[in-house]
Amino acid sequence: MQIHHLSENNSVLNHFLGQIRNVNVHKDSMRFRRNIERIGEIMAYEMSKELHYKEVTIETPLGVKKTTEISDQLVIGSILRAGLPLHMGFLNYFDQAENGFVSAFRFHPNNDDYFEIKVDYQAIADFNDKYLLIVDPMLATGQSIVAVFNKLMETGTPKAIHIAVVIAAPEGIAYLEQHLPDNCHLWVADLDEKLNEHSYIVPGLGDAGDLAYGTKL
């Protein structure tokens with residue numbers, strides 16, 4: 001798996017990453033959503049450098065101009081509900097992309113730290129022979145992304161697979177490397193230290209879905 005770690009070089013991306021982590025900014029859910037969306041836009045721009053392009057000629061008011069445009073067909077699939085702001089960031093830049101949504105969550109059958117991943121719902125465009133982009137803000141254990149990937153692969157075979165996460169733990173990256181095809185691309189905005197005993201990312205930022213949309217039952 002090819003890994004792209006974007007925050008290794010200083011850019012405005014790090015400014016937005018700092019704000020989504022800051023407990024003094026967390027009470028502003030609109031800012032949190034917008035920052036996740038802006039991070040998605042930056043990641044989409046970086047990812048666009050790996051896509052294929054075709055030459056086109058366009059007409060301007062004063063003549064014609066040769067340029068290029070994306071030739072790959074894209075499908076953006078996000079994991080509900082935390083993935084929605086990140087999804088919008090990618091869609092802002094890849095505005096011709098088709099879309100998909102998958103519900104995945106941690107199910108604790110014994111009300112302790114042990115959990116299983118439940119994938120309850122999916123609605124996604126046909127991604128056969130297209131570029132499939134799976135987006136989710138947090139890569140903790142990696143089990144959610146692998147479960148969603150396996151579920152999606154029951155319905156089609158993409159031409160290429162790109163996975164985009166905002167914050168990742170080393171354990172999650174290792175899990176993806178063990179369970180996903182070698183030709184996958186993993187895009188990571190920032191890499192954190194570890195998982196704690198509850199399988200949450202440290203230092204992390206908390207629950208991305210709650211910060212974006214409020215606490216759930």
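In this tour a residue is called buried when its relative accessible area is under 20%, exposed when that area is over 50%, and partly exposed in between, as found with a 1.4 Å probe on protein chains only. The model is predicted, so local features need pLDDT of at least 70 and side-chain atom pairs count only at pLDDT 80 or more, while totals for chains, interfaces and linings use all residues. Residues are numbered from 1 along each chain as its sequence is written, and side-chain values use heavy atoms, with hydrogens and water left out. Helices (H or I, at least four residues) and strands (E, at least two) are DSSP runs, numbered from the N terminus.

Begin by selecting Leu80 and Arg81, which are joined by a cis peptide bond whose omega is about -5 degrees. Arg81 lies in the loop that connects β4 (74-80) with α3 (84-93).

Next, select Asp129, in the loop between β6 (116-124) and β7 (131-135). Phi of Asp129 is near 60 degrees, which is a positive value in a residue other than glycine. Is Asp129 buried or exposed? Asp129 is exposed, because its relative accessible area is 56%.

Now move to Ser199, in the loop between β11 (194-195) and β12. Here too phi is positive in a residue other than glycine, with a value near 65 degrees for Ser199. Ser199 is buried, because its relative accessible area is 18%.

Finally, select Val202 and Pro203, where the peptide bond from Val202 to Pro203 is cis and omega is near 0 degrees. Pro203 belongs to the loop between β12 (201-202) and α6 (208-213).
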